[in-house]
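Me: Could you walk me through this structure? I have not looked at it before, so please take it one topic at a time.

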Amino acid sequence: MSGKRVAFLLCVKENRSGAEGDLQRLRNLLDYFQFQIEECIDPEDENILLELERFREKVKKPQNVSCVFIFLMAHGKENTIFGTKKIGVELDKIFDMFNNEQCPDLQNKPKAFIIQSCRG
């Protein structure tokens, strides 16, 4: 695969035993496959979309990105993840940020979302 491989790791470690271990294993795996990694650890709910927007803007800049992986590891409920304030962010809002309209530079490129959270 030619081009940059980029990944975004969001992890709420608060009250999630094993989260640090999961995070370290993902870092090792992504490093092995030569991904550039952006991390967002223990974000407050209102900052989740802001951090993802910042990541998206970096990906949208002229660069040869071949694929994007977004890992969301947090507490949650059906179609929602929680930051440290447990207010909630709808997953559809996150998915929409990386659609062809919002992020045309990633059109026809793999975008994988991996979510590890309970659903209620």
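Predicted model: local features only at pLDDT ≥ 70, side-chain atom pairs only at ≥ 80, totals over all residues.

Me: Which residue does Lys 85 form a salt bridge with?

Reply: Its partner is Glu 44, and the closest N and O atoms of this salt bridge are 3.6 Å apart. Lys 85 belongs to the loop between S5 and S6, while Glu 44 belongs to the loop between S2 and H2, so the pair ties together parts that are 41 residues apart in sequence. Glu 44 is also partly exposed, at 33% relative accessibility.

Me: And how many salt bridges does the structure hold?

Reply: There are eleven salt bridges in the structure. Some of them share partners, and in this way Lys 13, Glu 20, Arg 27 and Glu 39 are joined into one network.

Me: Are Lys 13 and Glu 20 buried, exposed or partly exposed?

Reply: Lys 13 is partly exposed, with a relative accessible area of 31%, and Glu 20 is likewise partly exposed, with a relative accessible area of 36%.

Me: Changing topic, what is in the largest nonpolar core?

Reply: That core has 22 residues, and those with the most contacts inside it are Leu 10, Leu 52, Phe 55, Val 68, Ile 70, Ile 81 and Ile 94. The elements that give it two or more residues are strand S1 (4-11), helix H2 (45-60), strand S3 (65-73) and H3. A second, separate core of eleven residues includes Ala 7, Cys 11, Ala 19 and Phe 35.

Me: Take Ile 70, then: which residues is it in contact with?

Reply: If we leave aside the neighbours within four places in sequence, Ile 70 is in contact with Phe 8, Leu 52, Phe 55, Phe 98, Ala 112, Phe 113 and Ile 114.

Me: Is S3 mostly covered or mostly open?

Reply: S3 is mostly covered, since eight of its nine residues are buried, that is, under 20% relative accessible area.

Me: What does S3 pair with?

Reply: S3 pairs with S1 in the parallel sense over eight bridges, and six bridges join S3 to strand S7 (residues 111-116), which again run parallel. Met 73 of S3 lets you follow both pairings, as Cys 11 stands opposite Met 73, and Met 73 stands opposite Gln 116 in S7.

Me: Where do S4, S5 and S6 go?

Reply: These three strands form an open sheet in the order S4-S5-S6, and the pairing is antiparallel. Strand S4 (75-77) and strand S6 (89-90) stand at the edges, each with a single partner strand, so one side of each is left without a neighbour in the sheet. Strand S5 (residues 80-82) pairs with S6 over two bridges, and the bridge partner of Thr 80 in S6 is Glu 90.

Me: What about the loop between S4 and S5?

Reply: Asn 79 lies in that loop, and it has a positive phi of about 65° although it is not a glycine. Asn 79 counts as partly exposed, at 47% relative accessibility. The C-alpha atoms of Asn 79 and Asp 92 are separated by 7.4 Å, although these residues are 13 residues apart along the chain. Asp 92 lies in helix H3 (residues 91-96), and with a relative accessible area of 48% Asp 92 is partly exposed.

Me: Where is Asn 108, and is it buried or exposed?

Reply: Asn 108 is in the loop between H3 and S7, and at 76% relative accessibility Asn 108 counts as exposed. Asn 108 also has a positive phi of about 65° without being a glycine.

Me: One last thing: which residues form the nonpolar patch on the surface?

Reply: The patch is formed by Leu 29, Tyr 32 and Phe 33, which together have about 360 Å² of accessible area. Of these, Phe 33 is found in the loop between helix H1 (19-32) and strand S2 (35-41), and at 42% relative accessibility Phe 33 counts as partly exposed.

Conventions: Residues numbered from 1 in each chain as written. Heavy atoms only, no water. Helix = DSSP H or I, 4+ residues; strand = E, 2+ residues; numbered from the N terminus. Buried < 20%, exposed > 50% of the residue type's maximum accessible area, 1.4 Å probe, protein only. Patch = residues over 30% accessible without salt bridge, like charges linked within 9 Å, V, L, I, M, F, W, Y side chains within 5 Å. Areas by Shrake-Rupley, 256 points an atom, 1.4 Å probe, with all protein chains shown as cover. Salt bridge = Lys/Arg side-chain N within 4 Å of Asp/Glu carboxyl O. Core = buried A, V, L, I, M, F, W, Y, C linked by side-chain atoms within 4.5 Å. Contact = heavy atoms within 4.5 Å. Pairing = 2+ DSSP bridges.
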